[in-house]
Number of protein chains: 2
Amino acid sequence: VLGEALDTNGRWLAARLHALGIRTVEHVTLGDDARHTAATLRRLAGAFPLVITSGGLGPTPDDVTRAALAELAGQPLEADPDQLARIAARLHSQGRTLTDPQRLQALRPRGATCLDNDLGTAPGLHLRVPAAHAGGPPGPWSDVFCLPGPPRELEPMFEDRVVPRLRPDPAGVPAVRLLHTVGLAESEAAARLGDLLERGREPEVGITASGMVLTIRVRGASRPGGPGAVQAADHAIERARAALAPYVLGTGPETLESMLLDELVRGRARVAVVESCTGGLLGSLLCRVPGSSAVFAGGWITYADAHKLALGVPAGLLARHGAVSPETARALALAGLEAAARAQEAPGVGPLHCLAITGVAGPGGGTPGKPVGTVRIAHAWAAAATAAPSSHVTARHFHFPGTRADVQERAARSALAMLLFHLRGHGPGLPPLLWERPAPPASLTP
Amino acid sequence: VLGEALDTNGRWLAARLHALGIRTVEHVTLGDDARHTAATLRRLAGAFPLVITSGGLGPTPDDVTRAALAELAGQPLEADPDQLARIAARLHSQGRTLTDPQRLQALRPRGATCLDNDLGTAPGLHLRVPAAHAGGPPGPWSDVFCLPGPPRELEPMFEDRVVPRLRPDPAGVPAVRLLHTVGLAESEAAARLGDLLERGREPEVGITASGMVLTIRVRGASRPGGPGAVQAADHAIERARAALAPYVLGTGPETLESMLLDELVRGRARVAVVESCTGGLLGSLLCRVPGSSAVFAGGWITYADAHKLALGVPAGLLARHGAVSPETARALALAGLEAAARAQEAPGVGPLHCLAITGVAGPGGGTPGKPVGTVRIAHAWAAAATAAPSSHVTARHFHFPGTRADVQERAARSALAMLLFHLRGHGPGLPPLLWERPAPPASLTP
């Protein structure tokens with residue numbers, strides 16, 4: 001609650017519960033406030049059959065979970081003799097002796113069970129309370145598990161001491177299917193998916209966006225009626241695939257970069273980059289993927305005009321059309337292709353590609369004709385690692401919204417998408433990518 | 001709640017609220033469930049004067065925040081004509097047209113105010129409700145702000161549209177002081193800070209680590225006793241500065257990259273990069289900072305040996321010492337310096353630097369003598385934008401732990417730190433940086 005740490009335990013627990021077929025409804029983060037913690041435990045135990053806490057079991061005064069659990073139980077704290085012996089033995093093996101603060105860690109509310117901690121001093125706690133006792137309806141009960149905060153203690157304690165006490169319904173494990181797209185706006189994807197996205201539909205379909213990739217997530221019921229749920233999820237993902245073609249990338253856990261790498265490896269192809277406004281980002285995205293050495297053919301960060309000339313862009317062309325023009329983008333891609341072909345270590349082996357980016361990333365440098373966000377991306381390629389005359393080149397025109405970092409990120413990812421779709425044979429058959437604009441008339445002035 | 005994403009918005013908001021003197025009591029994460037979201041908004045608005053939500057404002061049916069707010073208000077959703085016009089204009093400027101799902105984003109509960117979104121289509125929402133209306137006590141009211149989920153939209157909207165509507169108690173603003181270091185391990189920093197880090201101490205001192213930068217955070221009481229708290233915080237930060245010199249970078253909100261940029265601008269200097277295993281990351285870190293055009297002198301991604309030769313590394317040297325050697329690192333930096341000097345548009349103006357990185361990022365490619373993580377970083381410079389014979393060059397040897405992406409990130413940031421400390425006049429007086437190793441004996445075989 002101070003904004004100093006990211007909560008990774010909550011994500012880890014939610015992912016594990018989801019895989020076990022248990023749906024997480026709510027996740028609460030609280031400060032070291034005993035009263036508010038007790039009130040929250042009461043609210044949750046009254047409404048839900050399972051409550052898991054992490055942290056607040058240590059030996060210092062800001063550790064309030066133990067007292068809050070006692071308040072929920074309506075029972076006093078008392079020492080657990082087994083745990084006291086375990087803690088003393090653990091400290092002894094480290095050449096230390098039991099102190100009063102450490103003694104506190106062996107306390108548990110009367111009626112609660114301690115969960116052994118093999119990797120730290122604080123045991124976990126388990127309390128089963130009737131929901132009615134916490135203000136809930138009569139009948140159901142709630143299992144409350146209190147786990148230590150350090151992930152290296154929490155994770156094994158959850159697996160070894162909590163999971164065996166849970167009774168998830170095996171038929172409740174959800175059928176989850178994923179589908180990734182790139183180059184499509186979220187609203188456009190939603191329009192294409194139509195009724196698949198309706199709330200309350202079975203299976204449930206959602207969209208998340210990250211780094212220009214949209215992920216369509218199909219989730220079967222958490223209480224599905226047997227194998228039918230799997231079929232329904234498969235059916236929904238096939239409907240989504242048909243609706244979103246040709247923008248579909250794949251269905252696995254892969255990223256845009258890793259899929260491009262796989263495609264290049266498959267075709268024994270290599271790619272060079274020429275970057276202006278992205279300053280190396282496109283190259284670094286490609287080189288972050290393990291195995292990229294096999295496909296990366298080097299790069300040039302031709303930030304200023306002088307660097308573009310040095311790479312081989314004709315001075316007359318640059319003067320005539322300006323740095324941010326389809327002509328210069330194409331010339332950069334062809335110059336990079338030639339330079340990479342010259343440096344190719346095994347000439348004549350496999351196709352060679354070159355992606356070139358030139359644009360106005362901002363925040364300064366925009367003009368009325370070429371506002372901030374204007375980016376041209378060119379793709380040059382040759383069937384073998386030789387450049388002209390057998391090389392091809394194409395340029396696309398984009399206008400990316402956002403900050404400087406956004407424009408750079410979007411430009412680099414659009415370049416990756418252009419090459420990936422080309423390698424998959426879409427070529428000119430691909431509808432416009434997100435933020436792509438029709439080619440403007442030939443630019444005659446810079 | 002599915003365990004797929006870490007919540008960074010919650011941390012960011014809590015940190016900003018804390019700095020404004022507003023204490024975060026509770027932080028809740030919910031699934032896309034309209035009913036439970038509405039019930040939670042009601043619970044929070046009945047108990048707290050300020051509620052901020054993030055996410056769920058998009059155009060698809062799984063975006064439930066707008067409907068939940070309407071339920072809290074007890075008012076129907078109606079279109080905001082201004083926002084409808086804004087959304088249409090935004091889409092139009094991107095060459096797109098308004099679709100029905102996008103129209104939904106202009107809806108707001110009657111009585112609520114829209115918050116303009118300068119960086120996306122979904123406006124934020126502000127609703128002021130009496131706490132009593134949400135089951136709370138008569139008298140107080142609650143301000144509910146609904147912000148979009150993407151951090152790049154949420155953060156400026158919070159600063160520009162929410163902060164001006166808050167009324168924090170100035171006496172509640174804690175005295176917070178920051179100090180950044182780079183090149184120092186967290187455990188080493190903790191040992192140097194000693195008793196400053198003790199719990200229960202006033203002011204409180206903590207350390208957080210991110211991207212190789214350590215941030216020392218001094219926090220006075222959240223209800224400080226007047227100016228004394230400010231003096232105590234200032235005193236603590238000065239003790240920390242003395243203990244951590246010479247690794248101290250600064251005390252502001254700046255990043256390593258932006259501080260380097262400022263230092264280069266101040267000295268009218270420029271920097272070129274030659275990257276092997278980082279594939280463009282160093283260039284992209286420099287070019288992400290607005291204004292980098294003034295200082296960035298281009299780059300070469302010399303991934304394979306052939307690219308190193310093409311830039312001007314002597315073939316005999318490369319064959320004798322191998323690609324990952326101090327000799328090759330120095331030759332790369334000097335070759336980059338020469339090439340950048342040749343391309344310099346205004347020759348003779350200001351100093352020119354070149355950083356070169358060559359190493360084994362892994363996961364493959366390691367050898368017993370040069371295991372994964374071995375990286376050499378060289379820095380060449382000339383007082384004016386002319387290369388040899390007046391140029392200087394130095395190389396450092398690192399062994400970075402972690403994944404391929406970790407090694408790349410740490411190598412690029414170490415290069416930035418080397419140049420920043422050089423520009424600040426530390427030069428050879430700087431103790432070893434984190435993960436730096438003593439120079440190995442001259443490498444005679446690749």
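Residues are numbered from 1 along each chain as its sequence is written, and chains are lettered from A in the order in which they are written. In this predicted model local features need pLDDT of at least 70, side-chain atom pairs count only at pLDDT 80 or more, and totals for chains, interfaces and linings use all residues, while side-chain values use heavy atoms, with hydrogens and water left out.

**Exercise 1. Describe the interface of chain A and chain B.**

Step 1. Begin with contact, defined as heavy atoms within 4.5 Å. By this rule 74 residues of chain A touch 71 residues of chain B.

Step 2. Take the buried area, which is the accessible area (1.4 Å probe) that two parts lose on being put together, summed over both. Between chain A and chain B the value is about 5800 Å², and carbon and sulfur atoms give 58% of this area.

Step 3. Look for salt bridges, meaning a side-chain nitrogen of Lys or Arg within 4 Å of a carboxyl oxygen of Asp or Glu. Three are found across the interface of chain A and chain B. One pair in a salt bridge is B:Arg43 with A:Glu26, at 3.8 Å from N to O.

Step 4. Count polar contacts (a pair of N or O atoms within 3.5 Å; within protein, one must be able to donate a hydrogen and the other to accept it, and residues adjacent in sequence count only if both atoms are side-chain atoms). Between chain A and chain B there are 25 residue pairs of this kind, both residues at pLDDT 80 or more.

Step 5. Find the element of chain A that gives the most to the side touching chain B: strand 13 (residues 296-301), with six residues. Helices (H or I, at least four residues) and strands (E, at least two) are DSSP runs, numbered from the N terminus.

**Exercise 2. Which strands stand at the edges of the four-strand sheet of chain A?**

Step 1. The order of this open sheet is 9-10-8-11, and the pairing is antiparallel.

Step 2. Strand 9 (204-210) and strand 11 (248-250) of chain A are the edges; each has a single partner strand, so one side of each lacks a neighbour in the sheet.

Step 3. On average, neighbouring strands of this sheet are turned by 30 degrees against each other, direction ignored. Helix 7 (residues 186-193) of chain A packs on the sheet and touches strand 9 and strand 10 (213-219) of chain A; its direction makes about 160 degrees with that of strand 9.

**Exercise 3. Locate some local features of the model.**

Step 1. A:Arg86 and A:Asp116 form a salt bridge, with the closest N and O atoms 3.2 Å apart. A:Arg86 is in helix 4 (residues 81-93) and A:Asp116 in the loop between strand 5 and strand 6 of chain A, so the pair ties together parts that are 30 residues apart in sequence.

Step 2. Most residues other than glycine have a negative phi, and most peptide bonds are trans. A:Gly362 and A:Pro363 are joined by a cis peptide bond, with omega about 0 degrees. A:Pro363 is in the loop between strand 14 and strand 15 of chain A.

Step 3. A:Trp435 has a positive phi, near 70 degrees, and lies in the loop between helix 14 and strand 17 of chain A.

Key:
Two strands pair if DSSP finds at least two bridges between them. Axes are lines fitted to C-alpha atoms, for helices over the stretch in contact, and angles run from 0 to 180 degrees between N-to-C directions.
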